[in-house]
Amino acid sequence: MTGEQEREIRWQQMASLGRLLADFSHEMRNHLAVIQEANGLLEDILALQGEEGNPLLSSVRQTADQIGRRVRRSAELCRHLSSMVHRSDTPRSFFQVNDLLIDLAVFLGRSTRSQQITLQFEPGQGVEPLYNEPALLQYILYQLYVFSLQQLGQGGTLLVRTAQVENGVAIDFYLPGVPQATLAGISETVWAALASLEAKLEELKNIGDGLADSAGLRLLLPSLPVV
């Protein structure tokens, strides 16, 4: 098997999984819409009945409000999931890095909280869409996220910022309180993925803006020629 065939198989696997998850997300949103509609009918009935002085109806109202909040949150998660998995539809496409990071941060929240680490994302202004491999970038960002968490202790903060640079986007990972984070800890698989994106990963030095004496990583992601 040639490297190109292996690459094609890998992409087909990701695309298949992406389509399955996209269909799942669509189905879930249909179910949530039905639940929301039924809950809305319940709220209308409560409004007609009047809840004042009736503990039972007040309790039902609180339950209806809770259902409404959970349905809206679940629909929001499905929207982010759909957006994320559709990035596997084609190997390369135009995409917005900030949107990709926002989707990723939604699903990383639970693991950061479980390790008592705060994930803070500050999207840069004026970041333009670029042409590259969004699904592969998602993989790299996840690996850099895991690498960063390994450097931070409990109670730490991982700060991620983006900025427009010449012909691409810079994605910075700041590790406040970590004096040094050597790139030697980055796996060969990640380096190979970076090469596929024609991206560069380097250590951040001389960090200012209140982050002095902190380690950091910078991922420079180019916009590739459209062929």
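In the predicted model, helices α1 and α4 each contribute at least two residues to the lining of the second largest pocket, and the largest share of that lining, six residues, comes from α1. This second largest pocket holds about 190 Å³ of space; 15 residues line it, and Arg7, Arg10, Trp11, Pro91 and Glu133 are the closest to its centre. By class, its lining comprises seven charged, six nonpolar and two polar residues.

The lining of the largest pocket is made up of 15 nonpolar, five polar and two charged residues.

Among the strands, β5 (residues 168–175) is largely enclosed by the rest of the structure, because eight of its eight residues are buried. Both of its faces are covered, with Gly168, Ala170, Asp172 and Tyr174 buried on one side and Val169, Ile171, Phe173 and Leu175 buried on the other. Strand β5 runs antiparallel to β4 (residues 157–165), to which it is joined by seven bridges, and within this pairing Arg161 has Asp172 as its bridge partner. Two residues separate the strands in the hairpin of β4 and β5, where Asn167 adopts a positive phi near 55 degrees. Strand β7 (residues 215–222) is likewise antiparallel to β5, the two being joined by eight bridges, and the bridge partner of Gly168 in β7 is Pro222.

Notes
Residues are numbered from 1 along each chain as its sequence is written. This is a predicted model: local features need pLDDT of at least 70, side-chain atom pairs count only at pLDDT 80 or more; totals for chains, interfaces and linings use all residues. Side-chain values use heavy atoms; hydrogens and water are left out. Buried means under 20% relative accessible area, exposed over 50%, partly exposed in between (1.4 Å probe, protein chains only). Helices (H or I, at least four residues) and strands (E, at least two) are DSSP runs, numbered from the N terminus. Two strands pair if DSSP finds at least two bridges between them. Ala, Val, Leu, Ile, Met, Phe, Trp, Tyr, Cys and Pro count as nonpolar, Asp, Glu, Lys and Arg as charged, and the others, Gly among them, as polar. On a 1 Å grid over the protein atoms alone, a cavity is a set of points where a 1.4 Å probe fits but cannot get out, and a pocket is an open set with protein on both sides within 12 Å along at least five of seven lines; lining residues have an atom within 4 Å of a point. Grid points are joined across faces, edges and corners, and a volume is the space filled by probe spheres set on the points.
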